[in-house]
Amino acid sequence: MNELRLRPRKLDIRNGRVDLSHGAGGRATAQLVEEIFLRAFDNPLLNRGNDQAAFDVPAGRMVMSTDGYVISPLFFPGGDIGSLAVHGTINDVAMAGARPLHLAASYIIEEGFPLADLQRIANSMASAAREAGVAIVTGDTKVVERGKGDGVFISTTGIGLVPAGLDLSAEFARPGDRVILSGSIGDHGVAVMSKRSNLGFETELLSDSAALHELVAEMVRAAGPSLRVLRDPTRGGLAAALNELAQQSGCGFLIDESAIPVRGEVAAACELLGLDPLNVANEGKLIAIVAPEAAELLLSIMRRHPLGHESALIGQVTHDPQCFVQMTTSFGGGRIVDWLGGEQLPRIC
Amino acid sequence: MRHIDEYRDGTLARAIAAKIAGEAMPDRHYQFMEFCGGHTHAISRYGIEDLLPPNVQMVHGPGCPVCVLPIGRIDDAISLAMRPGVTLCTYADLMRVPASGGASLLKAKAAGADIRMVYSTLDVIRIAEAEPCREVVFFAIGFETTTPSTALAIRLAHRKSLTNFTVFCNHVLTPPAIRAILDTPDTAEGARVRVDGFVGPAHVSTVIGTKPYESVSAEFRKPVVVAGFEPLDVVQAILMLVRQVNDGRFEVENQYIRAVTAEGNLIAQREIAEVFELRAAFEWRGLGELPASALQIRDAYADLDAERRFALETVSAADNPACECGDILRGLKKPAECKLFGTVCSPESPMGSCMVSPEGACAAHWTYGRFRDIARAASTQAAE
C-alpha cells in the first residue's frame, strides 16, 4: 500500500501549463506553491507554511503600500513582471523614507500559462527580493479560466519602517524648494514598448527597474529633515508625478527642460512614436523635493550612489494658486507640462 | 539626436527671433496662420510665442486631420465596428474623438467592438490575411500625408485578391481648406479673419510639392512659406513671411528645402491618382461642407470600398451650439475666447473638434499654453 504515501509526480516545468486544478486549493495547488514559489522565495517566515506570516515589529512609524502589476509583455529588456513587482512596491514604501521590511505577493494566473514562464517569474522575484534584502513572507495563488486574464497578474504589498523623526509628504513642499531627479527619464517605458508586438523596434535600451531604498537611506542620512517629499515617477512619467505633487501641495513647479536627463535612444524612440519622454514611465527613478539650502549636499550624495549618479537639479517649487507645472523649454520658450488625458497615443502626422 | 537637435537649437532661435523683432515694422500688426496641427504643436510645445514680438501673432489653422473629421463619419465608423464579424482598424488618435451621444471608438471597444489600433496600413493587410473570417475595415483619415499609404494598401489588397479587406475613406485635401479660410464670407459682426500669410504644410508638401499653393497665394495675394515641423523651421518661416509682407510680395516660398520640392513626390502622387478620385463635396468639422475637398475610392477598386460594401449613408451631426471651433479654425477667435474652453471642454472630455487631438488649437493651448491666460488676465486686471 505504498502508493497511498506516494508523492505526486513532480511538476513538468519544461512543458507543463497551469490548469484550473492548480487554483482549486487541493493537492495540485500545494504542489505548485511548493515547487515554484516556496523553492524560489525560501525564507523562514514563509517556510512555516501558514496563511499569514507572523513577525515582531520594532517600535516606530510603519508604512504600508500595495500595487498591482499587469504589464505586457511579461518579459522585457532589463526585467520582467516579477522583478518589477518587487521593485515597484519596495519603491512605494521607500518613498516615505522607510526601510522596507517584508513583502507579500499574490498571483492571478491564467489557465494555460506555461509553468516554465511562471518559474522564471518567481525566480526573478526571488532574486530581486534577495538583492534588496527584503523577503517575500506570505502569498496567494489563484487561477482564472483561459481568456479571463493576461498570462499572470501579480499584486505585491510591502511594509517598512520610517526612521524616527522623519515625515515625508507632498504637502510639505513649499515655494523655493528645489526639485532633484535621480537620473534619466523614459527608459522603462521605451524598453517595454520596444517589445510590444505591433511596434517592435530595435533598441539596446534596458528598463531602469530597480529598488531605490538604499539610495533613499543615503539621502535621508544626508539631508534628514531638509528632505520634504520623495516620489517615484512611474506610470504617467515625470509629468504626472509633478502634477500630482502640485495638486497635493497647492504649489506650482518651474522646471528646466535642458536640465532633465534623457538618453539619446529614448529621445529617438519618442520622436519616432510621437511620444513625450516626460509622460513615459520609469521604474527606478525618484523625484526629491528638498529645502534650498540642502540641495547641493543632497545632489552630491545622490550622485555618489550607483542608482543616482546621473541625478540632476531640474527646477523648483513655485507659488502658484493654479498649481501649474511650467517648463522653460530648451528652445527658450515657456510651456505647461500637463497630465495626459488618457493613455499616451502616438500621433499620425 | 542628429538631424533633430540642430533644428531645436535655442541660441539660433533667439538670433532669428531678434531679426524678426528688428524687421517687423513697429506700427504694423502681423498675423500669420500656421495651417498644420504639426506646426501648432511645435509652437506650443517649444513656447515659440514667447520668442515673438507682440505685434507678430500666430493663429492656428484647421490642419489637424483628426479635428476636421465630422461627427457623422465617426458615427459611421462606430456603427461599422459594432457589426458582428467586423474588425475596425484605426490610427490611435481617433480612439477618443467624441461622436454623437457621447460615444467614441474607445467606448465602443470597451462595449465589445473589435477595434484595433495600428501604426501602418500594412498592419491592416496582415490582420486581414491572418483572420480571413473577419471583415477587416481600415478607418482611413488624414491629409495628403497619409493618403499614399492607404493607396498602397488598397493596391496590395487588390493584387492579393483579399476579399475581407475594405477601406472607409476619409482622406481630405489641403489646398481647398486654405481657400475656404480665405474665401469665408464676412460674419455677422463683419469680422473676416485677417491673415497676412500662411506657414504652409510640412509633410503634406513632401507629397504634393509647393505648386498647388500658387493659385491660392496669387488669387488672394497672400504669402505662403512651406516649413518643416521643427521649431527652428517655424521661426525661420515666420521671418520669411515678415519679409514678404514688408516687401509687398505674395509668393510661395519653401523653407523646408531638405524635404520638399516644387513638384513633390511623383510616385506617391501616381499611387493616389490610381486609387482615388475627387469627391464632389465633403463635410469638415468646423468648416462645413467644402466642394472638391476630399477623395473617394475609384470604381476600379469599388470592392475594397467600405462605404459601398456596407452601404454607409453618413448622417451629418451638429457640434455643441456653444462650441466656437468654427471661428477658432478660421482664426477669428482664440481658444480662450470660447465659453466652453476649460470649463466643460478639455482634452479629457472634448466637446469640439479643436480639443480632440493634441494638434488641435484648443488642446495645444490647454496642454501647453493656458498659463498665459492667467498672466494676461492678471495684467488686464492690474491695468484696470
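Colleague: What distance separates the centres of domain 1 and domain 2 of chain A, and what makes these two stretches domains?
Modeller: The centres, taken over C-alpha atoms, are separated by 30 Å. Domain 1 covers 2-162 and domain 2 covers 170-336; they are called domains because an automatic or database domain assignment sets their bounds. This is a predicted model, in which local features need pLDDT of at least 70 and side-chain atom pairs count only at pLDDT 80 or more, whereas totals for chains, interfaces and linings use all residues. Residues are numbered from 1 along each chain as its sequence is written, while chains are lettered from A and ligands numbered from 1 in the order in which they are written.

Colleague: How do you know which residues of the two domains of chain A are in contact?
Modeller: Two residues are in contact if their C-beta atoms, placed from the backbone, lie within 7 Å. On that criterion, 19 residues of domain 1 of chain A are in contact with 23 residues of domain 2 of chain A. On the domain 1 side, helix H3 (81-94) and strand S4 (99-110) of chain A each supply at least two residues, and H3(A) gives the most, with 8 residues. Helices (H or I, at least four residues) and strands (E, at least two) are DSSP runs, numbered from the N terminus.

Colleague: Which domains does chain B have, and which element gives the most to the side of its domain 1 that touches domain 2?
Modeller: The assignment for chain B gives domain 1 (1-323) and domain 2 (325-383). Their centres, over C-alpha atoms, lie 20 Å apart. Contacts join 32 residues of domain 1 to 23 residues of domain 2 of chain B. H2(B) gives the most to the domain 1 side, with 6 residues.

Colleague: Why is Ile178(B) called buried?
Modeller: A residue is buried if 20 or more other C-beta atoms lie within 10 Å of its own, exposed if 12 or fewer, and partly exposed in between, with C-beta atoms placed from the backbone. Ile178(B) has 26 other C-beta atoms within 10 Å, so it is buried. Ile178(B) belongs to helix H8 (residues 174-182) of chain B. Beyond its neighbours within four places in sequence, Ile178(B) is in contact with Phe35(B), Phe198(B) and Val216(B). Phe35(B) is 143 residues away in sequence, yet 7.7 Å away in space, C-alpha to C-alpha.

Colleague: What makes the buried residues of H9(A) line one face of the helix?
Modeller: Helix H9 (residues 295-304) of chain A has as its buried residues Ala295(A), Leu298(A), Leu299(A) and Met302(A). Seen down the axis of H9(A), they fall within an arc of 100°, so they line one face; the arc is that of the directions from the helix axis to the C-beta atoms. The face turned away from this buried side carries the exposed residues Glu296(A) and Ser300(A).

Colleague: How do you know that S3(B) and S5(B) pair?
Modeller: Two strands pair if DSSP finds at least two bridges between them. Thr90(B) stands opposite Phe139(B) in S5(B). These strands belong to an open sheet of 4 strands, in the order S4-S3-S5-S6 (chain B), with parallel pairing.
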